[in-house]
Amino acid sequence: MRLIRQLWIVIGAVVAAFVVSWIVYMPDADQRGVWRAASGGSIIKLTPLTAKLYSESSVSCVSQLTFPAHLKLVEMAEGATLEVSGDTMQLRVDGTLDPIPYTRIDALPDTCDAPNPDATSPEVFDALWAAMDEHYAFFDLHGVDWNDRRALAPTENLSDEDLFQLLSDTLIGLDDGHVQLYAEPEFFSPSVRPDWLPTDAPFTREDVWQAARDTVGMDLTPVELTGIEYALLPDGIGYIMIRHMGLDTPFGALSEPAMATAFDDVAAALENASALIVDLRYNPGGSDTVSFGVASHFIGQPIDVLTKTTRNGNTQTAAFTATLAPFDSTPLDQPTVVLTSQLTGSAAEILTMSLREMPQVTVMGENTGGGLSDIQSFTLPNGWELGLSNQTYRTMGGSLYEGTGLPPDVFFEIETAPSAQGEDPLLRAAFELARDL
């Protein structure tokens, strides 16, 4: 009985401590209320107990996410913080480089509601069409007249299968991996596969990564919690494979410093390498801040590496300049070859864009995938999810590579036959280039 009483005392103390911490870290009077993203698309409602996120267009407003308004817990779990000054709120979310500005509004619009599985097909179509029309940034780039797609609107209810197919057809022509439609378990993106990927047999990114491992010819050392593997070859060349820009970020940590710390093992092992190869060819992306954590090891002084803007109606927001800070004073400054292909996407392109600003870096391979924007997410009236590209990234020289991809300094075409046979001519050529640098 004594043990049970002690257990209840401990449980009570924990609950009391949590309640006290909630009182301390609940939204204060300045933070409570309703906030709309300055460039539109989302609304946040903050109360002492809950935070609710809504996705909004001119024809719909749908509840997207609800979570406890314990701001310290949210910060530790998701790396999200907010700062309020008057009627402006800056939301910072781990994984993105720039804060998202919100403006206070008087009240939540009356149209905002929870997803309705019985929403009609015309309502769902209208919501997707409006979200794309008001926020997608690259119709002209892909040669799509979005107004023409309005003619595809259904006039009656369709089955879920037929509606999903109709919405997918509506998006065709946008060769953009960040345009995504989810209706679990269904997924569609109108992005086009590279020509060299075999179509007559199952073929995955892991297949081509394994070809790279076989070409290296020695065991690679994995970095815990990351998609990184590396080796120092007998001839002094350091090889770094980065399969994705993700990180199992420890609770309470932010991804950029956590990745920079994780990558320190790689930097220490390869600090005396004569040259480096950073392989991003089949990396689909992940987090921009993870990319910055890696890139921070290749510079000794802060440098500006890119700018980004967000579509705001018919204009763009003011440009945000992303500055990369060094991890320490002993960067990896030896000649570095960065390998890319059409499967190098998203945050892996942000890493490529950052590294190519450095004098020791040569990019080799094919153009990257050309999908640099962050993904803006919308919940459609029936609960399906739409992702779209609403941001424009540019190099410090002002070049735009959305759609076309970042070009290499040394072009090397990837061909179907060697890839299907588990061979890696590009990596062999990269080793030869690295030895000559």
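Colleague: Which residues form one aromatic cluster?

Modeller: This is a predicted model, and in it Trp129, Tyr136, Phe138, Phe139 and Trp146 come together as one aromatic cluster. Pairs of rings are the place to start reading, and the structure holds ten aromatic pairs.

Colleague: How do I classify one of them, say Tyr136 and Phe138?

Modeller: Look at the distance between ring centres and then at the angle between ring planes; planes over 60 degrees apart count as edge-to-face. For Tyr136 and Phe138 the centres are 6.0 Å apart and the planes stand at 85°, so this pair is edge-to-face. Tyr136 and Phe138 are both buried.

Colleague: And what kind of aromatic pair do Trp209 and Tyr282 form?

Modeller: Trp209 and Tyr282 are also an edge-to-face pair, with 5.0 Å from centre to centre and 75° between the planes. Trp209 belongs to helix H5 (residues 205-216), while Tyr282 is in the loop between strand E13 (275-279) and helix H7 (288-295), so the pair ties together parts 73 residues apart in sequence. Both Trp209 and Tyr282 are buried.

Colleague: Let's turn to the nonpolar cores. Which members of the largest one touch the most other members?

Modeller: Counting touches between members is a handy way to read a core. The largest has 44 residues, and Ile228, Ile240, Ile242, Val294 and Phe298 touch the most other members. Helix H6 (residues 255-270) supplies the largest share of this core, seven residues. Apart from it lies another core of 28 residues, including Ala127, Leu128, Met132 and Phe138.

Colleague: How do H6 and H7 cross, and at what angle?

Modeller: For a helix pair, read the distance between axes, the angle, the handedness and then the residues that meet. The axes of H6 and H7 come within 7 Å and cross at roughly 35°, and the crossing is right-handed. On the H6 side, Ser255, Glu256, Met259, Ala260 and Phe263 meet Thr289, Val290, Phe292, Gly293 and Val294 of H7.

Colleague: Is Ile43 buried or exposed?

Modeller: Ile43 has 0% relative accessibility, so it counts as buried. This residue lies in strand E2 (residues 42-46). Beyond four places away in sequence, Ile43 touches several residues, among them Val34, Trp35, Leu53, Tyr54, Leu108 and Cys112.

Colleague: Now the backbone. Where is there a cis peptide bond?

Modeller: Omega is the angle to read here. The bond joining Glu184 and Pro185 is cis, with omega about 10°. Pro185 is in the loop between strand E8 (180-183) and strand E9 (186-188).

Colleague: Which residue has a positive phi of about 75° although it is not a glycine?

Modeller: That is Leu225, in the loop between strand E10 (221-222) and strand E11 (226-232). Leu225 is partly exposed, with a relative accessible area of 38%. Ser346, another non-glycine residue, has a positive phi of about 55°. Ser346 lies in the loop between strand E17 (336-340) and helix H8 (347-355), and at 14% relative accessibility Ser346 counts as buried.

Methods:
Residues numbered from 1 in each chain as written. Predicted model: local features only at pLDDT ≥ 70, side-chain atom pairs only at ≥ 80, totals over all residues. Heavy atoms only, no water. Core = buried A, V, L, I, M, F, W, Y, C linked by side-chain atoms within 4.5 Å. Buried < 20%, exposed > 50% of the residue type's maximum accessible area, 1.4 Å probe, protein only. Helix = DSSP H or I, 4+ residues; strand = E, 2+ residues; numbered from the N terminus. Phe/Tyr/Trp six-rings, centres within 6.5 Å; stacked < 30°, edge-to-face > 60°. Axes fitted to C-alpha atoms, helices over the stretch in contact; angles between N-to-C directions. Left-handed = near helix turned anticlockwise from the far one by under 90°. Contact = heavy atoms within 4.5 Å.
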